[in-house]
Amino acid sequence: MDCRNIRRALPGLADGDLRPAVESEVRGHLECCPECAAEWESTREFLALGGEGLRNATIDALLNANYIRARLEGRFKIAYDAPCMHECVFSDEKQQPHKI
């Protein structure tokens, strides 16, 4: 299995839904691939949050994105005129004249 398929299998690994042979292959890959192992760790941490933890993480992401937007909107052009959801997006319009 390649990394792409391993990453697709991670939710099934977390839920215990993989066939034993597939689970063994996924676990073997995770032992030798640092990138997929990091993705697995992130998946486990995400699932460990539970419903309330996920809700709190979502609220934090909203607050952080809007804070960053407010702090940088004078220096960068905002790409769209709407409140941020979980990320803020800027245009490079103000940087283009300086070739940045």
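**View 1. Helix α1 passes helix α2 in a left-handed crossing.** Left-handed here means that the near helix is turned anticlockwise from the far one by less than a right angle, while clockwise would be right-handed. This is a predicted model, where local features need pLDDT of at least 70, side-chain atom pairs count only at pLDDT 80 or more, and totals for chains, interfaces and linings use all residues. Residues are numbered from 1 along each chain as its sequence is written, and side-chain values use heavy atoms, with hydrogens and water left out. The axes of α1 and α2 (residues 20–32) come within 10 Å and cross at roughly 115 degrees. Look for Cys-3, Ile-6, Ala-9, Leu-10 and Leu-13 on α1, touching Glu-23, Glu-25, Val-26, Arg-27, His-29 and Leu-30 on α2 (contact means heavy atoms within 4.5 Å).

**View 2. Helices α1 and α3 make a right-handed crossing.** The axes of α1 (residues 3–15) and α3 (residues 34–48) come within 10 Å and cross at roughly 30 degrees, so the two helices are roughly parallel (angles under 35 degrees). From α1, Cys-3, Ile-6, Arg-7, Leu-10, Leu-13 and Ala-14 meet Glu-35, Cys-36, Glu-39, Trp-40, Thr-43 and Leu-47 of α3.

**View 3. Phe-90 sits in strand β2 (residues 90–91).** With 26% relative accessibility, Phe-90 counts as partly exposed (between buried, under 20% relative accessible area, and exposed, over 50%, using a 1.4 Å probe and protein chains only). Leaving aside neighbours within four places in sequence, Phe-90 is in contact with Ile-68, Arg-69, Leu-72, Glu-73, Phe-76, Lys-77, Ile-78 and Ala-79. Arg-75 is 15 residues away along the chain, and its C-alpha atom is separated from that of Phe-90 by 9.8 Å.

Notes: Axes fitted to C-alpha atoms, helices over the stretch in contact; angles between N-to-C directions. Helix = DSSP H or I, 4+ residues; strand = E, 2+ residues; numbered from the N terminus. Parallel < 35°, antiparallel > 145°, perpendicular 65-115°, else oblique.
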